[in-house]
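Subject: Structure handover

Hello,

Here is the structure we talked about passing on. Please open it and keep it beside this message while you read.

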Amino acid sequence: MKLVVTGGAGYVGSVSAARMLEAGHEVVVVDDLSTGHADAVPAGARFVEGDIAEVAGPLLAEGFDGVLHCAAKSLVGESMQDPAKYWNGNVVTSLRLLEAMRDNGTQRLVFSSTAATYGEPEQVPIVETAPTRPTNTYGASKLAIDFAITSFAAAHGLAGVSLRYFNVAGAYVAPDVQQLGERHAVETHLIPIVLQVALGQREKVQMYGDDWPTEDGTCVRDYIHVLDLAEAHLLAMEHAKAGRHSIYNLGSGFGFSVKQVIDTCRQVTGHEIPAEVAPRRAGDPAVLVASSERARQELGWQPKHEDLASIVGDAWAFASAGRGE
């Protein structure tokens with residue numbers, strides 16, 4: 001297939017684009033480099049620098065089979081302080097993309113959605129039929145895009161798939177190939193933050209509360225290796241069905257606590273990694289774990305990198321090589 005990957009200079013987009021290339025697909029990456037990195041565009045992909053809302057129409061007129069839409073504004077705190085940036089950057093941009101796909105007959109869309117669409121869950125593991133009640137503008141903007149995809153599938157025969165994933169981590173660090181991993185100007189994810197402490201880029205890591213109703217008192221989260229996530233994007237593109245919008249949760253189905261993550265990072269890196277308890281953050285659920293049974297059954301998806309030490313090890317290899325800066 002001939003595919004466009006939006007946000008393909010970012011973390012998830014670059015690894016997913018690389019996996020599409022490995023599977024034999026032709027890939028064009030579109031990224032405005034506002035948060036992405038030009039050197040993260042996978043070798044073998046054509047790169048178009050620009051805003052997808054502006055370039056989608058002319059680009060898709062060249063004839064494409066599908067779009068993997070990873071481009072997004074994704075900072076939860078910022079989304080609450082500057083909601084217009086997220087309604088425009090996520091929702092309006094995605095609407096322009098959907099219109100360009102409709103006008104040019106591009107039939108397949110795989111959308112990088114998020115577990116943030118669920119908000120605070122009533123029960124875990126979270127299934128796709130759980131109520132969607134996002135607690136922040138970021139999650140609400142992603143849910144709005146999901147609704148738009150459903151509408152375009154019904155009205156125009158779009159073959160749409162939304163992948164709602166949980167905590168993505170790890171890196172693509174296979175030998176003798178381009179290494180692709182997590183690099184954010186503003187880092188909010190636990191594993192790279194802990195590894196920054198190991199690298200001496202931060203003094204310590206904070207644990208937001210140690211009195212949660214969990215085994216060790218710290219929050220529990222579901223971690224998925226970015227390579228397993230990329231594989232899910234490939235399978236979703238291949239299984240997308242015309243006139244249908246399918247939604248899949250992606251996670252391991254079990255969780256690790258903040259303390260477990262920090263301890264694993266200590267073991268992998270060999271560094272002490274100072275940690276301190278900080279006050280709870282408003283809106284943090286005690287446990288977030290995904291049920292990925294639907295993806296396993298309908299897409300044939302099977303995570304291969306579920307061991308936390310393996311996930312942290314790949315992230316550490318990337319960061320300690322100086323690639324995470």
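Strand β1 (residues 2-6) and strand β4 (residues 66-69) pair in the parallel sense, over four bridges. Two strands count as paired if DSSP finds at least two bridges between them. Within this pair, Val4 has Val67 of β4 as its bridge partner. Strands (E, at least two residues) and helices (H or I, at least four) are DSSP runs, numbered from the N terminus.

This is a predicted model, in which local features need pLDDT of at least 70 and side-chain atom pairs count only at pLDDT 80 or more, while totals for chains, interfaces and linings use all residues. Residues are numbered from 1 along each chain as its sequence is written, and side-chain values use heavy atoms, with hydrogens and water left out.

The sheet

β1 and β4 belong to an open sheet of seven strands with parallel pairing, in the order β3-β2-β1-β4-β5-β6-β11. β3 (46-49) and β11 (245-250) are the edge strands; each has a single partner strand, so one side of each has no neighbour in the sheet. From one strand to the next, the twist averages 20°. Angles run from 0 to 180 degrees between N-to-C directions, and axes are lines fitted to C-alpha atoms, for helices over the stretch in contact (heavy atoms within 4.5 Å).

Two helices lie across strands of the sheet. Helix α2 (residues 52-60) lies across β1, β2 (26-31), β3 and β4, at about 150° to β2. Helix α7 (residues 226-239) lies across β1, β4, β5 (108-114), β6 (159-165) and β11, at about 145° to β5.

The cores

A nonpolar core is a set of buried Ala, Val, Leu, Ile, Met, Phe, Trp, Tyr and Cys residues joined through side-chain atoms within 4.5 Å. Buried means under 20% relative accessible area (1.4 Å probe, protein chains only). The largest core has 39 residues, and Leu163, Val168, Leu250 and Trp301 have the most contacts inside it. Its largest share, eight residues, comes from α7. A second, separate core has 25 residues, including Leu190, Met207, Cys219 and Ile311.

The cysteines

How many disulfides does a search of the whole structure find? It finds zero, a disulfide being a pair of cysteine sulfur atoms within 2.5 Å. The sulfur of Cys265 is 16 Å from the closest cysteine sulfur, in Cys219, which is too far for a bond. Cys219 is buried at 7% relative accessibility, and Cys265 is buried at 0%.

Regards

Key: Buried means under 20% relative accessible area, exposed over 50%, partly exposed in between (1.4 Å probe, protein chains only).
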